[in-house]
Amino acid sequence: MRIEPPAGGQSVFDHQPDLFASFNTLYGTLWTLGALEQPVKETARIRNARLVDCGL
Amino acid sequence: MTLDAFATWLPVGPDPAEPVDVFALLPAGEEQLRHLLRSVWNADVDRATLERCRDRIDALITGTARPPARDRPTTAQRAAADFAEQFVLDPHGCTDEQMHALQDHFTPPQLATLTTAIAVFDALARVRAVLARPQEGSA
């Protein structure tokens, strides 16, 4: 791993738990609320992940 | 990139040339987006470094450049802006050498901040590029 997580953490973002929480709150809000139906969001997510070769 | 209003092709106002607070149109997430952006700017990476990253990203995505900063970039600022550029162009293209160079200047918590900041700036620049009203005379 290029940047080690902190002790007890799983990723580099665990070095900044408050910032990571802010990101996750936004991410979760966009997934669970809003005007778009879930399948539309998921389709966009998959297309985006393919473009940047993201395995998530 | 900021959440400033900009002229958009979205049919949301009487005058399409008037700037619109596009992010306020979000039915959900605006408050969380503003909080995340504030958190990025208020974290542990200095403002000048973040501004250089933001400006590099804006130039790449929108094709417009801000006036150059008066001061020459430090080695750390140059490494951060180069990382931002690689993130925009091809995130898998970040090399071990590039990542090691970053770690010469930034701590792991700062790198977590820097990566989050670059991701947010990249996303906002792309939103603006897609939703902005085309300039007169542009292709």
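**Close-up views of a two-chain helical model**

**View 1. Helices α2(B) and α5(B) cross in a right-handed manner.** This is a predicted model, in which local features need pLDDT of at least 70, side-chain atom pairs count only at pLDDT 80 or more, and totals for chains, interfaces and linings use all residues. Residues are numbered from 1 along each chain as its sequence is written, while chains are lettered from A and ligands numbered from 1 in the order in which they are written. A right-handed crossing has the near helix turned clockwise from the far one by less than a right angle; anticlockwise makes it left-handed. Helix α2 of chain B covers residues 47-62. It packs against α5(B) at an angle of about 35 degrees, with the axes 9 Å apart. Axes are lines fitted to C-alpha atoms, for helices over the stretch in contact, and angles run from 0 to 180 degrees between N-to-C directions. Helices (H or I, at least four residues) and strands (E, at least two) are DSSP runs, numbered from the N terminus. From α2(B) come B:L50, B:C53, B:R54, B:I57, B:D58, B:I61 and B:T62. They meet residues of α5(B), among them B:A117, B:F121, B:D122 and B:R126. Contact means C-beta atoms, placed from the backbone, within 7 Å. This contact has nine nonpolar, one polar and five charged residues. Ala, Val, Leu, Ile, Met, Phe, Trp, Tyr, Cys and Pro count as nonpolar, Asp, Glu, Lys and Arg as charged, and the others, Gly among them, as polar.

**View 2. Helix α3(B) passes α4(B) in a left-handed crossing.** Helix α3 of chain B spans residues 75-89. Its axis and that of α4(B) come within 9 Å and cross at roughly 140 degrees. On the α3(B) side are B:T75, B:A76, B:A79, B:D82, B:F83 and B:Q86. On the α4(B) side are B:Q98, B:A101, B:L102 and B:H105. The contact divides into five nonpolar, four polar and one charged residues.

**View 3. Helix α1(A) meets helix α1(B) across the two chains.** In chain A, α1 covers residues 17-32; in chain B, α1 covers residues 30-42. Their axes come within 9 Å and cross at roughly 160 degrees. The two helices are therefore roughly antiparallel; that term needs an angle over 145 degrees. Their crossing is left-handed. Chain A brings A:D18, A:L19, A:S22, A:F23, A:T25, A:L26 and A:T29. Chain B answers with B:Q32, B:L33, B:H35, B:L36, B:S39 and B:V40.

**View 4. The contact between the chains takes 20 residues from chain A and 20 from chain B.** Three elements of chain B give two or more residues to its side: α1, α4 (96-105) and α5 (108-131). That side has 12 nonpolar, seven polar and one charged residues. The model scores ipTM 0.89 and pTM 0.91.

**View 5. Chain A has two helices and zero strands.** Its C-alpha trace spans about 40 × 25 × 15 Å along the principal axes. The radius of gyration of chain A is 14 Å, whereas a compact globule of 56 residues would have one near 10 Å. This radius is taken over C-alpha atoms, and the globule rule is 2.2 Å times the number of residues to the power 0.38.

**View 6. Chain B has five helices and zero strands.** Its pattern along the sequence is α-α-α-α-α. Its C-alpha atoms fill a box of roughly 50 × 35 × 30 Å, taken along the principal axes. Chain B averages a pLDDT of 91, and 96% of the residues score at least 70. The pLDDT is the predictor's confidence in each residue, from 0 to 100.

Methods. Angles under 35 degrees count as roughly parallel, over 145 as roughly antiparallel, 65 to 115 as roughly perpendicular and the rest as oblique.
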